[in-house]
Amino acid sequence: MMEKAKTVALVVLVAASLVQSYLLAYSSPNYEPINQMEYVDSGLDGPPAALADLILPEQMIIHFGNKQHTVLPYGHQFYNMVYSDLLKQRSFENLRRTNLPASYLDWDLIRDTRPGIEIRFKEAVPIGTLKSIMKIKEDFTVEDVGISKIWIYESKEEVKTYFLSDSPEIVYEAVQSDLTVKELENKIGLGAHLPAYYPDSRHDYYLPAVDLQMVQYKVPFNIFTEDQLKRSLFPDPGMARFLFERDGAQIYTDGKRGLQVRNGDHWFSYSDPVSVPVESRAETKENLTNAVKFINRHGGWNSDYLFSRVSPNYAFGPQTFEFRQYVGGYPVMNTEQSSFGYIKIVMQKGVISNYERSMINMDIRLAEKSAYRLPGGDALATMLEQSGLNPVAVYPAYQATLGDEKIHLVPQWAVELQDGTYRFLKEPMSEELAGS
């Protein structure tokens, strides 16, 4: 009896083994590939941002109509009021390209004689993207035309609104607007008691006639670890392996994606090669929108950032976008020897191929603050003359210097050159306010 039981058990086991072998050999496996959006929680918990939060104007220039001007920097309380009332709530309709002769649109004359507000973006913003912060209706499709300035001014008891591109030949006028002369005058009046600015006679920027009162910071920080980066940037962090070290940089890969970590200056570069036809035209709006979404998922925005550069503007192939970090309303700039203060991302047909940023995460809430006076007027003019530079822009910025425990953000005058690089002016006249 016992022998029969053993025989039956053996037959069952053999039959089960044969069935299992058959299923393994001939059944279709049910693969569940990793969703590229479902990355492991890494602890890089910078807050997300909407595209509308990143394409704000760099500055607003108030023209009083009698050769007097002032500047509202990004984040100033009056800047926020003008932005909220003039850009977000007002409608600009029947946008169309103007055929007016150049003599009629003499911007220098308008600047000096017409009360108005000039709104400037650091980088030209496609009209299609600009619609995310403004109520714009155009007569025809101009979605990808980049707008660098919006000029709203009073003319013969009515409000004129022009959208200027980077090309002086391409100007659009909003034929209809619900903004009244009285409402525009109220906003212009906000700048009545702010420091006076004057336009440079040779270039398209404004300089203060007096010293600027600013704040310098000493900011504590932490640094993203390599493990956090791998968990954030690779769909399956366990597949990411150390490859080699080159020039002090650690190289990791999962066979497709690559991560380069430069611990010396706390910078990382992530690459994810994409296969896109060479003839594929870059759609700036699509690329910009998807760039913001990617950064939201992989590091977020650990400070205020503004869309500051795209290269090329309209082209086939990849586009590079840069977002500049801002503190206290002014951009944070790195020295030539280090990388800091911006996020760079390369997109092609809406797909990311490269992503670079600092591993340093500042905690501005815990910063030590002290007053600082940045020279303006004649002192600034002398500094510019002695520099021997031919700038396309001059603006206050924070020079970031990395210490052992804190980052020092010191106000400086930044000079931007034609090739997109910049220098800091030497400031022998600048000094901290007494008692700071």
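D204 is partly exposed, with a relative accessible area of 42% (buried means under 20%, exposed over 50%, and partly exposed in between, with a 1.4 Å probe and protein chains only). The model is predicted: local features need pLDDT of at least 70, side-chain atom pairs count only at pLDDT 80 or more, and totals for chains, interfaces and linings use all residues. Residues are numbered from 1 along each chain as its sequence is written, and side-chain values use heavy atoms, with hydrogens and water left out.

**Salt bridges around D204**

- D204 forms a salt bridge with R120, and the closest N and O atoms are 2.6 Å apart (a salt bridge is a side-chain nitrogen of Lys or Arg within 4 Å of a carboxyl oxygen of Asp or Glu).
- R120 lies in strand β4 and D204 in the loop between β9 (197-199) and β10 (206-208), so this pair ties together parts that are 84 residues apart in sequence (strands are DSSP runs of E, at least two residues, numbered from the N terminus).
- D204 also forms a salt bridge with K149, where the closest N and O atoms are 2.5 Å apart.
- This second pair links distant parts of the chain, as K149 belongs to strand β6 (residues 146-155), 55 residues from D204.
- R120 is buried at a relative accessible area of 9%, and K149 is buried at 14%.
- E118, R120, K149 and D204 are linked in a network of salt bridges.

**Strands β19 and β20**

- The side chains of E356 and K344 meet in a salt bridge at 3.9 Å, N to O.
- E356 sits in strand β20 and K344 in strand β19, 12 residues apart.
- E356 counts as buried at 15% relative accessibility, whereas K344 is partly exposed at 22%.
- β19 (342-348) and β20 (351-358) each supply at least two residues of the lining of the largest cavity (a cavity is a set of points on a 1 Å grid over the protein atoms alone where a 1.4 Å probe fits but cannot get out, and lining residues have an atom within 4 Å of a point).

**Cavities**

- About 50 Å³ of space lies in the largest cavity (a volume is the space filled by probe spheres set on the points, which are joined across faces, edges and corners).
- Its lining includes N302, Y305, Y342 and R357.
- The second largest cavity has a volume of about 30 Å³, and A124, V125, P126 and G146 are among the residues that line it.

**A buried threonine**

- T161, in strand β7 (residues 158-164), counts as buried at 1% relative accessibility.

Technical notes: On a 1 Å grid over the protein atoms alone, a cavity is a set of points where a 1.4 Å probe fits but cannot get out, and a pocket is an open set with protein on both sides within 12 Å along at least five of seven lines; lining residues have an atom within 4 Å of a point. Helices (H or I, at least four residues) and strands (E, at least two) are DSSP runs, numbered from the N terminus.
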